[in-house]
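Hello,

Here is the structure I promised to hand over. My notes on it follow below.

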Amino acid sequence: MISKFTDIGIPDDVAKAMDDMGWEEPTPIQVQSVPLGLKGIDMFAQAQTGTGKTGAYGSIILGRIPSKQKVPTAIVLVPTRELANQVSDELEKLSKYSGHVCLPIYGGASIEGQIKKLQKGCDIVAGTPGRVRDMIARGVLNLSEIQMMVLDEADRMLDMGFMEDMETIISLTPTTRQTLLYSATLSKEVRDIAKRSMREPVEVSVSHDNVV
Ligand code: AMP
């Protein structure tokens, strides 16, 4: 079973965690996007929730960034608190053997607890744009070491009015970063964000029938 994941370039330790999670084979979005993402290519993918997109970009992040860093080297922006928790939980499970630490950052919950955890250090942040910006303004989140950025459910973030926060956050990360964008729909606004924040992105898409 593990070989089906390692065949598409997923590292052994991440494939082993997937096996523990009961996953038997990669989903279509994982097959299409993981090999490209692991090469460091910018990508925008049309994929809805339920297709295994978190596992897709999670594998790329874990395959490309070091673990046990003090300052985050990957950031995932998501539209809601629920998704921040969901993404962080899944990345923690996938990191069972690689040792990466992922923290959720979102509004509507005590900021002090999140600040304390951030100060202890982490490798990946999964956060909502408003709270991420707040953490940067308070000087507790430093994006200068970011190597990878994921915009998850980009269309929903735009619908929720996060455009300006997203643009500000993107501008605070190094231009050398790899950027991945996942969205259920690829509207003109989503394509515009991709054009402004990505370098020669490759486009991949999976149909609605591919929900796990
Ligand atoms: P997502 O599209 O990221 O919201 O994922 C939907 C659900 O599919 C989540 O519960 C994942 O844990 C699960 N999942 C992701 N990849 C796989 C896979 N290769 N095999 C089985 N389940 C998976």
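Cysteines first. At 1% relative accessibility, Cys122 is buried (buried means under 20% relative accessible area, exposed over 50%, partly exposed in between, with a 1.4 Å probe and protein chains only). Cys102 is buried too, with a relative accessible area of 4%. The whole structure holds 0 disulfides (a disulfide is a pair of cysteine sulfur atoms within 2.5 Å). For Cys102, the nearest cysteine sulfur belongs to Cys122, 7.2 Å away.

Some ground rules. This is a predicted model: local features need pLDDT of at least 70, side-chain atom pairs count only at pLDDT 80 or more, and totals for chains, interfaces and linings use all residues. Residues are numbered from 1 along each chain as its sequence is written, and side-chain values use heavy atoms, with hydrogens and water left out.

Now the sheet. It is open, with 7 strands in the order S3-S4-S2-S5-S6-S1-S7, and the pairing is parallel. Helices (H or I, at least four residues) and strands (E, at least two) are DSSP runs, numbered from the N terminus. Two strands pair if DSSP finds at least two bridges between them. From one strand to the next, the twist averages 15° (axes are lines fitted to C-alpha atoms, for helices over the stretch in contact; angles run from 0 to 180 degrees between N-to-C directions).

Strand S2 (residues 74–77) deserves a look. Ala74 and Val76 point one way, Ile75 and Leu77 the other, and all are buried. S2 pairs with S4 (residues 124–127) over 4 bridges, and with S5 over 4 bridges. Val76 has Ala126 as its bridge partner in S4 and stands opposite Val150 in S5.

S5 (residues 148–152) also runs parallel to S6 (residues 178–183), joined by 5 bridges. There, Leu151 stands opposite Leu181 in S6. Helix H3 (residues 28–38) packs on the sheet and touches S1 (43–46), S6 and S7 (contact means heavy atoms within 4.5 Å). The direction of H3 makes about 160° with that of S7.

Last, a helix pair. H9 (residues 163–171) and H10 (residues 188–197) pack at about 15°, axes 11 Å apart. They are therefore roughly parallel to each other (angles under 35 degrees count as roughly parallel, over 145 as roughly antiparallel, 65 to 115 as roughly perpendicular and the rest as oblique). Met163, Met166, Glu167 and Ile170 in H9 meet Ile193, Arg196 and Ser197 in H10.

Best wishes
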